Amino acid sequence: MSHRYARKSELSARIDRALRTRISDGTWPPGHAFNWPQIIEEFSLSLSDATNELAPVLREMRRDGLIESRPRVGLRVVVEGETWSPPLEYAEMPHDRYIEIVLRERLHDGLKGRGIYRPGKQFSPIADLAEEFGVSPATVRQATNPLKQQKILVVVGNSQTCVASNLTEFSADELLTPSVRRRPGRTKLEAFGESLTMAEWVRHPRCQVDRRVLYSRYVNGWSLERALRTPNSFSQSPTKPWVSEESAAQDAYTIARQLILSRISGETYPLGTVIAPVDIALSLEISEESVLDVLRDLHDIKIVDHRANIGYFTAISSETLRDTENLGVPS
């Protein structure tokens, strides 16, 4: 056995050899796109095999510069000197939205007896999907949450996610139709015969929850009236202090700034890491514009850098950041 495969299992070595050979002999030319389900089906892998055998092979091939992963696209053989753009129909779509659509299509294939997601069987771990789509685990969770809410995916006792055993009872429309996601912005929203912006509804007397809960409910498809009048079961009291729109915006900015700086100083975002504003906005339930405001300011003081074809990425090491004073890094 060659040195390359000495530390690999027999299965990993077989997959590695096969994929590398296809690239080297031109069977997979530059630009050839593929995905995990295709490889899993070809090599008759279980989802456990995909995690333990396939994932390390693909990571090594990416480190070797043979393949690349892009949000909204998947995996492909590297094309030297070329930036890989997503399909036009997905170019402006949030990453989690695109992943949800792809997963729904795969589940629909499982309903027809094809693919890897069959009723009652294990679903891919979050880490594997994040690896495949080139996004953070938080983005994958945003994509799978609607499927769990519909009970298309279920969590069993040991915290393992599985495809619903009654998947055949779901119609094609139920499986394929993406969840309703709304971004309120400054739009006037009607409820109880009044039309107000979301920021105005937050401080309205009818609102029984805090800002984050209200935004989360509305974005995930609740009717505005129900979102406003349903108390949060985890709250001690339905009352809350009045918060001005300016204060709310400042709070969002501060929260996003502290998160980004803490991730850089804690090496969650090492030097060169691309920062996805939409992922941070979704995880904190704030506007993407608030996150972009932070990134613009951090760009001005050279903590992050920006390139048109990349976006914002860290431009300072954790050690340098920790040695820098008065940047608002949480202790």
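1. Let me start with helix H12. Its buried residues are Pro 277, Val 278, Asp 279, Ile 280, Ala 281, Leu 282 and Leu 284; buried here is under 20% relative accessible area, exposed is over 50% and partly exposed is in between, with a 1.4 Å probe and protein chains only. That makes seven of the eight residues of H12 (residues 277–284), so the helix is largely enclosed by the rest of the structure. Just after H12, Glu 285 takes a positive phi of about 60 degrees.

2. A word on what we're looking at. This is a predicted model, in which local features need pLDDT of at least 70 and side-chain atom pairs count only at pLDDT 80 or more, while totals for chains, interfaces and linings use all residues. Residues are numbered from 1 along each chain as its sequence is written, and side-chain values use heavy atoms, with hydrogens and water left out.

3. Now the overall picture. The chain has 14 helices and 10 strands; these are DSSP runs numbered from the N terminus, with helices (H or I) of at least four residues and strands (E) of at least two. Of its 331 residues, 42% count as buried. Taking contacts (heavy atoms within 4.5 Å) with a separation of 6 or more, 57% come from residues 24 or more positions apart.

4. Three strands form an open sheet in the order E8-E10-E9, with antiparallel pairing. Strand E8 (274–275) and strand E9 (304–307) are at the edges with a single partner strand each, so one side of each is left without a neighbour in the sheet. Pairing here asks for at least two bridges found by DSSP between two strands.

5. E9 is joined to strand E10 (residues 311–314) by four bridges, and the two run antiparallel. E8 and E10 are also antiparallel, joined by two bridges. Which residue of E10 stands opposite His 306? Look for Tyr 312, which also has Ile 275 standing opposite. Asp 305 has Phe 313 as its bridge partner in E10.

6. That sheet has a helix laid over it. H13 (residues 288–300) lies across E8, E9 and E10, and runs at about 105 degrees to E9. For the angle, axes are lines fitted to C-alpha atoms, for helices over the stretch in contact, and values run from 0 to 180 degrees between N-to-C directions.

7. Setting aside residues up to four places away in sequence, Leu 58 touches Leu 19, Phe 34, Trp 36, Ile 67 and Leu 75.

8. Is Arg 104 buried or exposed? Buried, with a relative accessible area of 0%. Arg 104 sits in helix H4 (residues 95–111). Beyond its neighbours within four places in sequence, Arg 104 is in contact with Pro 146, Leu 147, Gln 150, Ile 152, Glu 174, Leu 175, Leu 176, Thr 177, Pro 178 and Ser 179.

9. Last, the cysteines. How many disulfides are there? With a disulfide taken as a pair of cysteine sulfur atoms within 2.5 Å, the count comes to zero. Cys 162 is buried, with a relative accessible area of 8%, and Cys 207 is buried too, at 3%.
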